[in-house]
Amino acid sequence: MGHFTLLEHPSDVGMEVYGATREELFTTAARGMYSILLGDYTTDNVVSHAVQLEGRDVSNLLLLWLNELLFLFETRRFVFSSSQFQECGTTSLHATVSGEECEDCSVNVGIKAVTYHHLTVEERNGEWYARVYFDV
Amino acid sequence: MLVQIAPYRYRVPKDFRKGMKIEGLIFASDELLAAIERDETIQQVANVATLPGMLGRSLAMPDAHQGYGFAIGGVAAADLEHGVVSAGGVGFDINCGVRLLASDCTLDDVQPKLETLVRELFRAIPCGTGRSGRLTIPPAQLDDVLAEGALWAIKNGFGDENDLAHIEEHGQMKSASPSAVSKRAKERGLSQLGTLGSGNHFAEIQVVTDVYDENVAKIFGLRKDQICILIHSGSRGLGHQVCTDYLETMNNAMPKYHIDVVDRQLACVPIQSPEGKAYLAAMAAAANFAFANRQMMTHWIREVWNTVVGKGSLRLVYDVAHNIAKYESHGIGKQKKDVLVHRKGATRAFPAHTDGVPEDYLSVGHPVLVPGSMGTASYVLVGTENAMKETFGSACHGAGRAMSRHAAKKNESAEKLVAELRAKGIIVQGASKSGLVEEKPEAYKNVESVVDVMHNAAIATKVVRLTPLGVIKG
């Protein structure tokens, strides 16, 4: 099971994420971002959205993925629960994300954007690792 | 190694890192420099100096701290023909800025009603962390907001035309093009029109406690013991998305222009390129969204004021951006050149008799608004000729963070913080407990130290000091 830890930053928030596969990394990164947004949260698979993205490389793809979910949260109040990947390559991704739309969710920390600051996605010792910082 | 070249001025030499085309210059005291040296600020000042077409020096104000690409507190000017524009040089919160309103009332008039005033302001000003604000407009109207800014708000009943003269750009950047703003940025913005935002955004009831320059204060309409209201807010999700969108556009376009950057947050394109022009047009539209927001919140604040205080009115002293890129004319060496000034966490500070200063302030320069952190003082400064010579007419924007959000939360609770501030006579009401704690006064540098550097370096001099009485946070 993938896991994430939050990172200290002088003014914002970051996280390190680990996953056995790219799919698990991306899913765990999504959960990490939502934990920053909402604190501890649970949610069901009630609604779904299709996500299709093309990036320059796998780091860019992760940034685009998280920014897409941030957009869905801000505009649809979509809270991520799980993802099913039809494709999770290094430059393209096709997935169905499931969760709930939560009108009265109270935001713990508002996220403005996912940043390129020290953005890292790489395979290390047989597992996938990512580091990403958010402008809050 | 930094070299002190004059009081409060530390040069970052061109050999600090490979590829620097200009030097850097940091304005700081010894104490603030020690804090600046603890994070990546100086590296970021040096990185900005590697961008094509940068002129003069890459600057950092005394409240500088590490940002994304540019440091927060960073200022850099690019040659219009050969230079680049960088979305990271403005930041995600386009036209994050400050607005100061002045009343006809004193502390004695307002003190008995303070609790009610804070409560009613908190009710009246949507923080926007929920799905929507107070106002819903049809999507088709959003383009009018993006084109007209504060003027749109006034045309729709929020405030009056007299407000416009005291807003930077008269509250409307005419270079805005709503069509340069993506559909998804508009979607993010539509539900957040007229909202305050969270994080370090706030509205604050303040009292003028010190007047340092009687003449300038009189021209600004400020006096001791006067009650004022300060708003700190930006372009919300719309601006954040514009920056996100154009960071991608710029990162994808850079190879075409043979530009390589040391940090993808510094992604940039030639100002004169289609991508550069599109970004600047979208940035201006997002700036107008922020001007409209602050105008709408001003209207709601005035409504509450009339109901709760019922005495006098709230006059707009000034509204100024601190995340923006502006076409300006500045001395570079012995020549005057048209440049694009990036201000990221830095405030314009134009002195007397400078284009862009409101007519009734022309004899002294426009107010430079420097909010402190929650529970600490704010300042009004005024720019000087030295600012025009040394900082592209720029000054600091606030106190700058000194502590991470995680560290701020250690051994602290919102209840304890609110009680501590109340004991000092400051009433706080916030939408998020976590947000309150992260914004506690100790999380920020000492604003007095920051402002003293600007004053002692003769970049922007002190006019008045204001202390908080009530704080509303998103």
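Biologist: How many salt bridges are there over all chains?

Modeller: The count comes to 26, where a salt bridge is a side-chain nitrogen of Lys or Arg within 4 Å of a carboxyl oxygen of Asp or Glu. Before we go on, some ground rules: this is a predicted model, local features need pLDDT of at least 70, side-chain atom pairs count only at pLDDT 80 or more, and totals for chains, interfaces and linings use all residues. Residues are numbered from 1 along each chain as its sequence is written, chains are lettered from A and ligands numbered from 1 in the order written, and side-chain values use heavy atoms, with hydrogens and water left out.

Biologist: Which residue does Glu23(B) meet in a salt bridge?

Modeller: Arg11(B), at 3.5 Å from N to O. The pair links distant parts of the chain, 12 residues apart: Glu23(B) is in strand β3 (residues 23-27) of chain B and Arg11(B) in strand β2 (residues 9-12) of chain B. Helices (H or I, at least four residues) and strands (E, at least two) are DSSP runs, numbered from the N terminus.

Biologist: What does Arg422(B) pair with?

Modeller: Arg422(B) meets Glu115(B), with 2.6 Å from N to O. Here the partners sit 307 residues apart, Arg422(B) in helix α13 (residues 414-423) of chain B and Glu115(B) in helix α4 of chain B. Arg422(B) is partly exposed at 42%, and Glu115(B) is partly exposed at 38%.

Biologist: And which partner does Glu448(B) have?

Modeller: Arg465(B), the closest N and O atoms being 2.9 Å apart. Glu448(B) is in helix α15 (residues 447-456) of chain B and Arg465(B) in strand β19 (residues 460-473) of chain B, 17 residues apart. Glu448(B) is partly exposed at 24%, while Arg465(B) is buried at 19%. Salt bridges can also share partners: Arg11(B), Glu23(B) and Arg57(B) are joined that way into one network.

Biologist: On to cysteines. How many disulfides does a search of the whole structure find?

Modeller: A disulfide is a covalent bond between the sulfur atoms of two cysteines. The working rule is a pair of cysteine sulfur atoms within 2.5 Å. The search finds one over all chains. That disulfide joins Cys102(A) to Cys105(A), S to S 1.9 Å.

Biologist: Why is the disulfide of Cys102(A) and Cys105(A) right-handed?

Modeller: Because the torsion about its S-S bond is about 105°. Both ends are tucked away: Cys102(A) is buried at 15% and Cys105(A) is buried at 18%.

Biologist: How do I read helix packing?

Modeller: Two packed helices are described by the angle between their axes and the distance between the axes. Axes are lines fitted to C-alpha atoms, for helices over the stretch in contact, and angles run from 0 to 180 degrees between N-to-C directions. Take helix α4 (residues 114-124) and helix α10 (residues 274-308), both of chain B: they pack at about 145°, with axes 10 Å apart.

Biologist: Which residues of α4(B) and α10(B) meet?

Modeller: Contact means heavy atoms within 4.5 Å. From α4(B), Thr116(B), Leu117(B), Glu120(B), Leu121(B) and Ala124(B) meet Trp300(B), Ile301(B), Val304(B), Trp305(B) and Val308(B) of α10(B). These contact residues divide into eight nonpolar, one polar and one charged. In that scheme, Ala, Val, Leu, Ile, Met, Phe, Trp, Tyr, Cys and Pro are nonpolar, Asp, Glu, Lys and Arg are charged, and the others, Gly among them, are polar.

Biologist: Where is Glu438(B) found, and what does Glu438(B) touch?

Modeller: Glu438(B) is in helix α14 (residues 433-438) of chain B, and is buried at 4%. Not counting residues up to four places away in sequence, Glu438(B) touches residues including Val109(A), Arg401(B) and Arg405(B).

How values were computed: Buried means under 20% relative accessible area, exposed over 50%, partly exposed in between (1.4 Å probe, protein chains only).
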